Amino acid sequence: MVHSAPAVRSGGGIVSVLAVAGIVGALMQTLVVPLVGELPRLLNASAADTSWVLTATLLVGAVATPVVGKLGDLYGKRRMMLVCSIPLMAGSAVCALSASLIPMIAGRGMQGLGVGMIPLGVSALRDLLPPQRIGPAIALMSSSMGIGGALGLPISAAVAEYADWRMLFWGSAALSVLVAVLIWTLVPATPATARGRLDVAGAIGLGAALVCLLLGVSKGADWGWTSGTTLGLLGAAVVVLLLWGLFELRVRDPLVDLRVTARPQVLFTNLASVLIGFSMYAQSLVVMQILQLPVATGYGLGQSMLAAGLWLAPAGLMMMAVSSLGARLSAARGPRTSLFAGALVIAAGYGASLGLMDWAWGLMIASCVANMGVGLAYGAMPALIMGAVPQTETASANSFNTLMRSIGTSVSAAVVGVVLAQMTTTLGGHDLPSEAGFRTALLIGCGVAVAAALVTLTLPKARTTAAPAPASATPQPPAAGPVPEPITGPFAGAGAGANADAIADAGAGSDADAGADAGVRSSHPAPAADLHGEPVRRSSAEVTQPFARVSRPMSIVHEELGPWGDAFRSREERAVPEEAGRPGPSPAYQPQDRATADELAELRWLRRENAELRRVNLELRGDCAAVRDENAEIRAENTQLRRELDVLMESVSAWVKNLADR
């Protein structure tokens with residue numbers, strides 16, 4: 001994986017800013033949920049028409065996410081995050097000033113454009129952070145999206161209940177301005193990693209297919225699943241997607257590179273993302289309704305919207321609590337293991353909710369368990385995607401993965417809606433979902449989470465390649481010629497470790513030298529390549545054999561030089577008489593002299609290599625010192641986060657205890 005992050009930057013401020021952006025983006029999705037029942041009165045419209053206030057954000061966000069991701073690769077992720085903040089601010093202001101349905105839908109659609117900041121921020125981490133900080137940062141930002149979704153409900157409910165509903169949108173506008181200012185001042189510019197142009201035709205085709213698919217799924221319950229409108233939209237989505245895929249395979253600069261998407265690690269990660277999104281959203285739908293249904297049903301808990309949101313708020317905080325654990329698990333065993341564990345934990349949360357449906361605190365515990373699994377899974381999916389795609393496509397690939405999660409949540413809402421609509425009970429003349437319907441929906445969510453775990457098992461395992469020790473690397477005794485005596489003096493320790501093979505081969509002829517060179521090269525292979533065949537840029541800590549690239553001294557056979565042979569002979573050799581046209585030994589020249597000359601040449605070569613090793617060692621010491629300083633900063637940040645989390649959990653525990661006492 002090519003990495004271009006500046007090594008001197010710790011990245012604490014960058015991660016915090018991008019995490020805040022993720023929280024704000026997630027808040028936009030749950031902002032109007034407490035107002036759904038009041039929107040017909042506030043906007044003078046029917047309930048069916050006001051439902052478009054929620055649907056508009058979903059549709060626009062789904063269409064804009066892959067387009068914004070591609071633009072981030074083409075023009076820089078920081079620049080596109082700032083561009084996305086503009087419609088987010090404008091849409092919030094339009095909603096705050098709206099008094100009728102059409103401006104409200106337009107404003108919510110503009111807010112949907114801001115959802116693209118989330119995958120852009122995750123992708124920017126690869127460009128801005130040193131390698132050792134990427135994993136924890138991705139996990140933290142992924143958990144921040146869950147925190148925004150979990151805290152959005154109680155905050156929105158409290159504002160809607162105790163203040164003017166327009167304050168929700170003025171507050172979101174202020175948060176959007178804050179995020180834009182923080183990105184402008186604290187996030188450095190990211191390079192444009194891709195070349196080419198935006199595939200406008202591909203964007204239009206994908207947008208049309210997504211609108212047909214999501215509109216049919218989200219409105220199928222209202223229009224009827226067997227109605228001509230619903231079936232026509234779903235059929236059109238399939239046809240348009242097929243045509244779009246054929247077009248993307250032929251275009252020069254596709255919006256989504258389907259060949260990269262078809263790679264096993266990307267394909268199965270996206271499939272698992274759909275299933276994880278389904279299981280995450282299904283539980284939140286079921287638990288929220290159980291908390292708010294009247295006690296007279298026998299299974300409802302009679303909580304208000306605000307109280308229900310507060311009961312579920314700790315579940316969002318658990319996502320942040322497990323982010324560091326997920327990062328450590330991914331670093332130790334790979335993100336594939338984290339995704340698998342996350343899916344199983346989600347399934348365990350569903351199992352706990354089946355047994356704890358009768359108590360609000362039980363549902364809170366079950367939601368916390370499930371959200372812990374969501375935190376593990378959401379932190380692993382971007383890491384799996386970015387580990388399998390070239391750096392030129394990280395933003396578009398992450399945006400497509402985010403789109404898969406959105407499709408999962410949409411399908412989840414449709415499936416749960418169908419189940420609860422078919423399994424009902426009557427109370428006071430009103431049809432309400434039955435307890436059996438809720439249990440069935442929970443079982444479906446549990447099964448989908450188990451299916452996500454099974455899909456995770458199909459992901460390719462991370463391969464760790466160790467350089468083999470070929471036979472040619474083993475020193476062989478020379479066929480002829482003297483063997484040098486052990487080296488003593490200042491160069492005695494030079495051959496330890498890295499130089500052992502070089503010293504063992506000293507004094508050998510040209511064939512032995514060539515074999516030793518091949519042995520050194522084979523025992524230290526060329527830099528590895530990533531999944532796309534691109535060479536991997538090694539850090540200085542990986543450079544352990546710099547002299548393996550330097551040619552060894554090679555003996556020259558003078559007879560092969562013809563008439564130029566005398567020019568390369570020493571004075572003693574030229575003084576030797578010749579017999580039968582060949583130089584012969586003289587009393588003044590002994591084979592020991594030749595051995596001594598070879599040893600001196602070898603020692604001079606080793607001296608140069610030792611100087612190079614000393615230089616590299618100095619660089620490594622400097623890198624180690626920088627890493628130690630950065631680790632100290634990380635420990636300090638972790639200690640501060642633990643203290644803040646302890647204080648927060650104490651406050652939550654006190655609030656829960658007071659609420660239970662009431």
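Q: What should I know about the model itself?
A: It's predicted, so local features need pLDDT of at least 70 and side-chain atom pairs count only at pLDDT 80 or more, while totals for chains, interfaces and linings use all residues. Numbering starts from 1 along each chain as its sequence is written, and side-chain values use heavy atoms, with hydrogens and water left out.

Q: How many helices and strands are there?
A: The protein has 23 helices and four strands. Those are DSSP runs numbered from the N terminus: helices are H or I with at least four residues, strands E with at least two.

Q: And how much of it is buried?
A: 45% of the 662 residues. Buried means under 20% relative accessible area, exposed over 50%, partly exposed in between, using a 1.4 Å probe and protein chains only.

Q: Back to rings. How many aromatic pairs turn up?
A: Three, searching the whole structure. In one of them, Trp 165 and Phe 169 have ring centres 6.1 Å apart and planes at 90°, so that pair is edge-to-face. The rule is that rings of Phe, Tyr and Trp (its six-membered ring) pair if their centres lie within 6.5 Å; planes under 30 degrees apart count as stacked, over 60 as edge-to-face and the rest as tilted.

Q: Is that pair buried or exposed?
A: Trp 165 counts as buried at 11% relative accessibility, and Phe 169 does too at 1%.

Q: What about Tyr 299 and Phe 438?
A: They make an edge-to-face pair, 6.0 Å centre to centre with 65° between the planes. Tyr 299 is in the loop between α13 (264-292) and α14 (305-321) and Phe 438 is in helix α19 (residues 435-457), so the pair ties together parts 139 residues apart in sequence. Phe 438 is buried at 0% relative accessibility, and Tyr 299 is buried at 7%.

Q: Which residues have the most contacts inside the largest nonpolar core?
A: Phe 438 is one of them, and others include Ile 276, Leu 339 and Leu 363, in a core of 53 residues. Elements giving two or more residues to this core include α13, α16 (335-355) and α19. A nonpolar core is a set of buried Ala, Val, Leu, Ile, Met, Phe, Trp, Tyr and Cys residues joined through side-chain atoms within 4.5 Å.

Q: What does Leu 363 touch?
A: Leaving aside neighbours within four places in sequence, its contacts (heavy atoms within 4.5 Å) include Val 287, Leu 301 and Met 357. Apart from this core lies another, of 49 residues, with Val 17 and Phe 400 among them.

Q: New topic: where's Pro 254?
A: In the loop between α11 (228-250) and α12 (258-261). Leaving aside neighbours within four places, Pro 254 contacts Lys 70, Asp 199 and Glu 248.

Q: Last one: how do β1 and β2 run?
A: Antiparallel, with four bridges joining β1 (residues 424-427) to β2 (residues 430-433). Strands pair if DSSP finds at least two bridges between them. They form a hairpin with two residues between them, and Gly 428 in the turn has a positive phi of about 60°.
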